[in-house]
Amino acid sequence: MPFQIKMINLNEHERLDDLVLDGMKIIQRDDQFCFSLDTVLLAHFGDVPHGPVLDLGTGTAAIPLILTARGARNIIGIEYNPVMADIAHRNVELNGRSDYIRIAEGDYRKLKDRFSSGAFSVVYANPPYREIGRGAESKIVGVRRACHEETVSLTDVIKAARYALKYHGRFRMVHITERLTDVLTAMRMYNIEPKSLCMIHGRIHKRAKLFLIEGIRGGKTGLTVQPPLIVHNEDGSYTQVILDWYGKK
């Protein structure tokens, strides 16, 4: 039985965008961080998760929503920003996913106040990419905090994932290539062994700027580098794999 899209009222600064998959819609704000392609890529990375899933810093809840389109059914998205937590909750309601997704407002650096250690099979994170003082910083607070490590650091993300994951649970994250060494080092430090790496290229002849990484809590050593993921054809159109993930032919 298909999900039913519900009627919803939009507040100031809000707009309703098309998530494409399953005909889903998503509320976003022009004064907050909006989900982008990296979110879609992360949500499609790896097998469909079975068992409890946690999305760290869920934002608009785009990752949980996409995961339900893939078949996942037990997802919690935690969000520190109360504005975004409200939007995430409304997006879940809007798309009729309340039976499968729960939004928790709070600080994922304090997961032990909410969840038992090892409660989740898979943890996702699309964290702030840049350290404070690196790169251009937005004057919009919500955007800046989503892009720079103002409220949460890379170490905080990995520690939260380590706490949340069951033994041999999987951690999946998207990040920028200039921090690849930082990411691999932090994962191993907190006993999440890097197992699968995929570099993301805007075009086939361009250097990778993003990567997807999966690690296993308590996993054995041994990293597999996947074939590169190419986003655009030479004419600027999306490659077929990206179109497939957006549910388009």
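Trainee: Which element gives the most to the lining of the second largest pocket?

Mentor: Helices (H or I, at least four residues) and strands (E, at least two) are DSSP runs, numbered from the N terminus. On a 1 Å grid over the protein atoms alone, a pocket is an open set of points where a 1.4 Å probe fits, with protein on both sides within 12 Å along at least five of seven lines, and lining residues have an atom within 4 Å of a point. With three residues, the element that gives the most to this lining is α1.

Trainee: What kind of model is this?

Mentor: Residues are numbered from 1 along each chain as its sequence is written, and side-chain values use heavy atoms, with hydrogens and water left out. Local features need pLDDT of at least 70 and side-chain atom pairs count only at pLDDT 80 or more, while totals for chains, interfaces and linings use all residues, since the model is predicted.

Trainee: How many residues line the second largest pocket?

Mentor: The residues that lie nearest the centre of this pocket are Ile-200, Gly-202, Arg-207, Lys-209 and Leu-210. Two or more lining residues come from each of α1 and β8. The number of lining residues is 17.

Trainee: How many residues are in the largest nonpolar core?

Mentor: A nonpolar core is a set of buried Ala, Val, Leu, Ile, Met, Phe, Trp, Tyr and Cys residues joined through side-chain atoms within 4.5 Å. Buried means under 20% relative accessible area, exposed over 50% and partly exposed in between, with a 1.4 Å probe and protein chains only. Leu-37, Leu-41 and Tyr-124 are among those with the most contacts inside this core, whose residues number 37.

Trainee: Which residues does Leu-41 contact, leaving aside its neighbours within four places in sequence?

Mentor: Contact means heavy atoms within 4.5 Å. Leu-41 is one of the residues with the most contacts inside the largest core. Its partners beyond those neighbours are Ile-200, Leu-212, Leu-229, Ile-242 and Trp-245.

Trainee: How far apart in space are Trp-245 and Ala-43?

Mentor: Trp-245 lies in helix α7, residues 240-245. Beyond its neighbours within four places in sequence, Trp-245 is in contact with Leu-21, Leu-41, His-44 and Leu-229. In sequence, Trp-245 and Ala-43 are 202 residues apart, but in space the C-alpha to C-alpha distance is 9.4 Å.

Trainee: Why is α2 largely enclosed by the rest of the structure?

Mentor: The buried residues of α2 include Ile-63, Leu-65 and Leu-67. α2 is largely enclosed because, of its nine residues, the number buried is seven.

Trainee: Is Ala-61 buried or exposed?

Mentor: Ala-61 is found in the loop between β3 (53-56) and α2. Its phi is positive, near 75 degrees, in a residue other than glycine. Its relative accessibility is 0%, so Ala-61 counts as buried.

Trainee: What is the bridge partner of Gly-77 in β5?

Mentor: Two strands pair if DSSP finds at least two bridges between them. Strand β4 (residues 75-79) pairs with β5 in the parallel sense over five bridges. In β5, the partner of Gly-77 is Ile-103.

Trainee: In which strand does Ser-121 lie?

Mentor: At 10% relative accessibility, Ser-121 counts as buried. Its contacts beyond the neighbours within four places in sequence include His-50, Pro-52 and Arg-170. Ser-121 lies in strand β6.
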